[in-house]
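Visitor: Please show me the protein, and then let us go through its architecture by question and answer.

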Amino acid sequence: MSVLIAGAGPVGLSAACVLAEAGVPVTVLEAEPRLPENPRASTFQPPTLDLLDRFGAAAQLIGMGRIARKVQYRDRADWVAELDFGVLAGETKHPYRVQCEQYRLNQVLAARVPGVRYGAEVTGVEQDADGVTVTVNGREKLRAAWLIGADGGRSRVREAVGIRLEGFTWPERFLVASTPFDFAQSFPGLADVSYFADREEWFFLLRVRDVWRAMFPTRPEESEAQILSDAAIERRLQRVHARPGRYEVAHRTLYSVHQRVAESYRRGRVFLAGDAAHLNNPLGGMGMNGGIHDAFNLAGKLAAVMRGEAPAEELERYERQRRPVALEYVNRITIANKRNLEMSDAGEQQRWRAELAQAMSDRAAEKDYMLRISMIASLRKYECA
Ligand SMILES: Cc1cc2nc3c(=O)[nH]c(=O)nc-3n(C[C@H](O)[C@H](O)[C@H](O)COP(=O)(O)OP(=O)(O)OC[C@H]3O[C@@H](n4cnc5c(N)ncnc54)[C@H](O)[C@@H]3O)c2cc1C
């Protein structure tokens, strides 16, 4: 009795660590020849650090990244609100975010999993009452009791079992440009996580260990080549902070932004987790984190059932606990984050500022707000479902 996992991203590897720790035989099938080193997500939320602590990974992320204790919402002149993760002390072992590129977590977790096969693309999935047969690279057949599809937004596993990803795609794509220039020099008191509302074009600044990452929306009519050109990136960075000389750009990515959730997280012996199950815009740093929460939830249940410590019905709780989080919580917060940053109506801006002022009005209100944005509230709300 073994488990196959499609995808060696943060979600597949987290699930593999939980299963391997429980003594369940597990193989991770990764299409790429080696672990990709694309920065992508870089926010680790407090409850995610609590989960990863089990494998010593939280301390390693802290060593490779930066602790972010505060988040700011700003306009160009000053901050409008500054909220402190410190209010979460007593609710989590990690009352802060850690900013570190997600591929570094993948490297840490992959080192703990004996069975990662690279260059192994899942190309087909069939199942019967006793197990799942997975086709690898169009020819090899592997058999297991269960399959976890953690193969990202374009999941082959999801397609093979006929689960629809419902929702919508925003017309604009997001650009992320990283630079070693220290924006803290340009904006005194700048927090490591800072959202800038701006009538012309919002942006978001986030600091990892060696660089600042600046995120911008782009216009649908701009071509990829235009957006990624040196000149266009320079123009956008100069709008953040005008300075003599050019910005050094360490990394640039343009990506489509979706708000989508799979109609179901399970088909028989096949489960979906992470981006294969849900996609959201990155404002709030919730996509990867929610995926890691899926992985720990599902793998814990699979291990208990496979070891005979829980009945098979326990597996039904996975979708009940995790799908509402993506639908009602992550989707709602990330859509609101995007709308708050881009709104140009003065009345709407006033409403948002009043909401932030209320969150800062006393420690209880701040704690309530931080429990929501750190994803602790979402885990607690559905844990009994
Ligand atoms: C620019 C950017 C910024 C982001 N910022 C944040 C953030 O700050 N915070 C946050 O929480 N989230 C963020 N996200 C989202 C985050 O990157 C994803 O949610 C996260 O990578 C999901 O992890 P995953 O393991 O589900 O999928 P992935 O990381 O996509 O991993 C899937 C793996 O499966 C492999 N694979 C694909 N198809 C197959 C196949 N058929 N067979 C075998 N292997 C296959 C892929 O090669 C890949 O290694 C961001 C995303 C982007 C693009």
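Visitor: In what order do the seven strands of the open sheet stand?
Guide: The model shown here is predicted. In the sheet of seven strands the pairing is mixed, and the sheet is open. The order of its strands is E6-E5-E15-E16-E17-E14-E18.

Visitor: Which strands of this sheet stand at the edges, and why is one side of each left without a neighbour?
Guide: A strand at the edge has a single partner strand, so one of its sides has no neighbour in the sheet. Across the sheet, neighbouring strands are turned by 15° against each other on average, direction ignored. The two edge strands are E6 (79-84) and E18 (251-255).

Visitor: Why is strand E5 described as largely enclosed by the rest of the structure?
Guide: E5 covers residues 70-74. A residue counts as buried if 20 or more other C-beta atoms lie within 10 Å of its own. E5 is largely enclosed because the residues that are buried number four of its five.

Visitor: How many bridges pair E5 with E6, and which residue in E6 is the bridge partner of Val71?
Guide: A hairpin through four residues joins E5 to E6. The two strands pair in the antiparallel sense over five bridges. Within E6, the partner of Val71 is Leu83.

Visitor: In which sense do E5 and E15 pair, parallel or antiparallel?
Guide: Four bridges are found between E5 and E15. The sense of the pairing is parallel.

Visitor: Which residue in E16 is the bridge partner of Phe196?
Guide: Strand E15 (residues 193-196) and strand E16 (residues 203-207) form a hairpin, with six residues between them. They run antiparallel and are joined by four bridges. Ser194 stands opposite Leu205 in E16, while the partner of Phe196 is Phe203.

Visitor: Which are the edge strands of the open sheet of six strands?
Guide: This sheet has mixed pairing and the order E8-E2-E1-E12-E21-E20. An edge strand here pairs on one side only. The edge strands are E8 (116-118) and E20 (266-267).

Visitor: What angle does the direction of helix H1 make with that of E2?
Guide: Strand E1 (residues 3-6) and strand E2 (residues 26-30) pair in the parallel sense over four bridges, with Val28 in E2 as the bridge partner of Ile5. Helix H1 (residues 10-21) packs on this sheet and touches E1, E2 and strand E12 (146-149). Its direction makes with that of E2 an angle of about 165°.

Visitor: Which element gives the most residues to the shell around the ligand?
Guide: The ligand has 35 residues around it, of which Gly7, Gly9, Ala41, Gly152 and Gly274 come nearest. By class, the shell has 15 nonpolar, 13 polar and seven charged residues. H1, E2, E18 and helix H8 (287-306) each supply at least two residues. The element that gives the most, with four residues, is H8.

Visitor: Why does Thr133 count as partly exposed?
Guide: Thr133 lies in strand E10 (residues 132-136). Apart from neighbours within four places in sequence, its contacts are Glu126, Lys141 and Arg143. A residue is partly exposed when its count falls between the 12 or fewer of an exposed residue and the 20 or more of a buried one. Thr133 is partly exposed because its number of C-beta neighbours inside 10 Å is 15.

Visitor: What is the radius of gyration of the protein?
Guide: The secondary structure comes to 12 helices and 22 strands. For 385 residues the globule rule gives 21 Å, and the computed value is close to this, so the protein is as compact as a globular protein of that length. The radius of gyration is 21 Å.

Visitor: What percentage of the residues in the protein is buried?
Guide: Among contacts with a separation of 6 or more, residues 24 or more positions apart account for 74%. Of the 385 residues, the buried ones make up 43%.

Note on methods
Residues numbered from 1 in each chain as written. Predicted model: local features only at pLDDT ≥ 70, side-chain atom pairs only at ≥ 80, totals over all residues. Pairing = 2+ DSSP bridges. Axes fitted to C-alpha atoms, helices over the stretch in contact; angles between N-to-C directions. Contact = placed C-beta atoms within 7 Å. Rg over C-alpha atoms; globule rule 2.2 N^0.38 Å. Near = placed C-beta within 6 Å. Nonpolar A, V, L, I, M, F, W, Y, C, P; charged D, E, K, R; others polar.
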